[in-house]
Amino acid sequence: MDIEVSVVTPMHNEELCIEEFHRRISTTLTGAGYSHEIILVNDGSTDRTPRLMRELSEGDPNLVGVNLSRNRGQCTAIYAGIQQSRGRYVVIMDGDLQHKPEEVPSLVEAMKKDGGYDLVSGMRQKRSESKWLRLVPSRVANWMIRKASKCEVHDMGGLSCLDGELARSLHLREGHHRIIPALVYRMGGRVTEVPTSAPPRFAGSSHYGIGRSVDVLFDIVTLWFQNSFKQRPVYLFGRIALALFLAASLLMAWVLFEKVFFGEHMGNRPPFFGAILFYLASLGFMSTGFILEALGDTMDSVMNTRPYVVRDILKNGRTERPNGNGQN
């Protein structure tokens, strides 16, 4: 039987939440009439989470438990769960019930509107978290991500639903779970958002601290770089190298002019050494651009990545999905 919805949820020491989460998401998906699977990824939990996950799987044939060998972080757990998924749509959500299971159908149905989307993100409303430790940093980070990626999703880290084939093609690295809408948009995917609620944790304590804001900053800088100059590193580094070369040439022309017309010595003057330094820096930036170009080409070839998303294919008057499923 084809699976319509795969729910991927990382679990790290969620013994107080896992049973309630499973009950609510299972009831929601069954009530909505979706053929589904619930993929719970145990991310190296040290409490009763693994045992409870096993007990739940014995009573629910739709539950898939994935045990990682040790704690690898939320993004890695999400990535592992996505790779195990088989659904036409993949929903990524937390297991602490700060993402309401009852709102999953609204995201799935939004995926089908306006010709179909590649990602629908939940924009959390009236969040109950600490204003200065969570809300303000989150809003600043989301604003910076929008500026860096040109993706207009307001809440990058909320509940989200992706096209299954696209989700399984993503190569997620640590921290990417915070910018998945921007990654999909960068690939050329269609993204949108719908309002969702943001209740407090069902039980337990948050695994996040203010320290992750520093990591988000580096993610934003990386995202800006990847989206700069049409994904070609040589364009960015080449322009920097050209600017340095021109500055060096102007300095050298100045010291040569003073040498010829005023008899000033060149070898012991700061502008001369500045020009040499700029020439060397220009060469370094240009070399870096070429090296990154070669590495980028190699990675694209090995990973078979493509900078686009095919929405559908027309053949003989019929519209087909890229995975071969025809649609009238």
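I began with helix α9, which covers residues 233–262 and holds Phe257. The model I am reading is predicted.

Phe257 forms a nonpolar patch with Val260, Phe261 and Phe262. Together the four have about 490 Å² of accessible area.

The largest nonpolar core has 33 residues. I listed the residues with the most contacts inside this core: Ile82, Leu162, Leu172, Ile180 and Val184. Two strands, β2 (36–42) and β4 (89–92), are among the elements that give two or more residues to it. The helices on that list are α3 (74–84), α5 (131–149), α6 (164–169), α7 (180–186) and α8 (212–227).

Setting aside neighbours within four places in sequence, I found Leu172 in contact with Cys75, Ile78, Tyr79, Ile82, Ile180 and Leu183. Another core lies apart from the largest one and has 28 residues, including Val5, Leu29, Leu56 and Leu159.

Last, I wrote down figures for the whole protein chain. I recorded 10 helices and 10 strands. Of the 328 residues, 44% are buried. The chain exposes about 17,700 Å², and carbon and sulfur atoms supply 57% of that area. I also noted the contacts between residues at least 6 apart in sequence: 76% of them join residues at least 24 apart.

Conventions. Residues numbered from 1 in each chain as written. Predicted model: local features only at pLDDT ≥ 70, side-chain atom pairs only at ≥ 80, totals over all residues. Heavy atoms only, no water. Core = buried A, V, L, I, M, F, W, Y, C linked by side-chain atoms within 4.5 Å. Buried < 20%, exposed > 50% of the residue type's maximum accessible area, 1.4 Å probe, protein only. Helix = DSSP H or I, 4+ residues; strand = E, 2+ residues; numbered from the N terminus. Contact = heavy atoms within 4.5 Å. Patch = residues over 30% accessible without salt bridge, like charges linked within 9 Å, V, L, I, M, F, W, Y side chains within 5 Å. Areas by Shrake-Rupley, 256 points an atom, 1.4 Å probe, with all protein chains shown as cover. Salt bridge = Lys/Arg side-chain N within 4 Å of Asp/Glu carboxyl O.
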